[in-house]
Amino acid sequence: MARQRRPIGGARVAVPFVVAALLAAALPGLVAQDLAGDRAALLALRDALDSGLLLPWNTTEPSPCGWRGVVCSNQTLAAPQRVVELRLPGKRLIGTIPLGTVGNLTALQALSLRHNGIRGGIPVDIGNCAQLTVVNLTNNQFTGAVPEGFFSLAVLRKVGLSRNHLNGGVSQDFNRLKQLDTLFLDSNDFASALPPGFYLPSLSRFNVSFNAQLTGPVPASLARMPASAFQGTALCDRPLLPTCPNSMPPAPPPASPSTGGGKC
Ligand SMILES: *[C@@H]1O[C@H](CO)[C@@H](O)[C@H](O)[C@H]1NC(C)=O
Ligand SMILES: *[C@@H]1O[C@H](CO)[C@@H](O)[C@H](O)[C@H]1NC(C)=O
Ligand SMILES: *[C@@H]1O[C@H](CO)[C@@H](O)[C@H](O)[C@H]1NC(C)=O
Ligand SMILES: *[C@@H]1O[C@H](CO)[C@@H](O)[C@H](O)[C@H]1NC(C)=O
Ligand SMILES: *[C@@H]1O[C@H](CO)[C@@H](O)[C@H](O)[C@H]1NC(C)=O
């Protein structure tokens, strides 16, 4: 009764393979990257940011590992060689970072593009770079909000976004970056209140100075930071001298013309 009548051994082998191939095609972000992919991503980034070809990268070399500012991992039996650091500070880079460039450097641990003229948003696919521990984009022209993908970079330790034009609120999603010890957001256009529940257990250095539209109380977990971390904002409460109003200012009932409610 239960005897198989048709041989299906071939299908048993083929089905998992086909499923894997379909998955790979459907989820391009999960396709394994390699050094050749890193090289293509670096060249596309250079095309976008270095129209004057100031970076002396020898594009005849098949490997990008000798290019200035590029550091690769050492090949091991367990892992192929990948680009793990990209540091191009003060290289007169101008333009916007396209999708599929930095976001394709999926083994990147350190990214420094500080002191350039990069415009536009922080690329939303930076969330693919799950190994990043250091990101320094200080002193560029970045605009827009910190993209959602940034908050999935779970091993980030140092983040420098100072001196850009980033805006939006300072998201409570920063709490997801539990290993963060340095967070510099000063001299941007961040606005509204800091999240009261903002809490990063390892944070030792923090700065939101000169974001004039930040208002409301300093979150309790940041009261131990120096006052200079909050200068040039409309924030109040410790460590700042201006004390926040104790409660939301209640709208005085217009029907009761009581006077003499002297504040003290
Ligand atoms: C660029 O790399 C190629 C291949 O490794 C090499 O033959 C050539 O001399 C290099 N050019 C310069 C300017 O270093
Ligand atoms: C690769 O190995 C060399 C020599 O052992 C070492 O100096 C270098 O730091 C290693 N590079 C990385 C990225 O680990
Ligand atoms: C980045 O990766 C995507 C998906 O794997 C690929 O389609 C794209 O061509 C890559 N970008 C570059 C510049 O190679
Ligand atoms: C980013 O680079 C600047 C120097 O340009 C440095 O002062 C700052 O500490 C760096 N930030 C981080 C988070 O490493
Ligand atoms: C915060 O940044 C401002 C502006 O760059 C600087 O003047 C201040 O000393 C910094 N404070 C701390 C605690 O980092």
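**Around ligand 4**

Guide: The shell around ligand 4 splits into two nonpolar, five polar and two charged residues (Ala, Val, Leu, Ile, Met, Phe, Trp, Tyr, Cys and Pro count as nonpolar, Asp, Glu, Lys and Arg as charged, and the others, Gly among them, as polar). Bear in mind that this is a predicted model: local features need pLDDT of at least 70, side-chain atom pairs count only at pLDDT 80 or more, and totals for chains, interfaces and linings use all residues. Residues are numbered from 1 along each chain as its sequence is written, while chains are lettered from A and ligands numbered from 1 in the order in which they are written.

So who's in that shell? You'll find R114, H115, N136, T138, K158, V159, G160, T182 and F184 around ligand 4 (near means a C-beta atom, placed from the backbone, within 6 Å). Strand 8 (158-160) and strand 10 (182-184) are the elements giving two or more residues (strands are DSSP runs of E, at least two residues, numbered from the N terminus). Strand 8 has the largest share, with three.

Seven strands make an open, parallel sheet in the order 3-5-7-9-11-13-14 (pairing takes at least two DSSP bridges). Strand 3 (94-96) and strand 14 (234-236) sit at the edges with a single partner strand each, so one side of each has no neighbour in the sheet. Two bridges then link strand 7 to strand 9 (165-168), where G144 has L166 as its bridge partner. Strand 9 joins strand 11 (189-193) by two bridges as well, and there G168 partners F190.

Methods
Helices (H or I, at least four residues) and strands (E, at least two) are DSSP runs, numbered from the N terminus.
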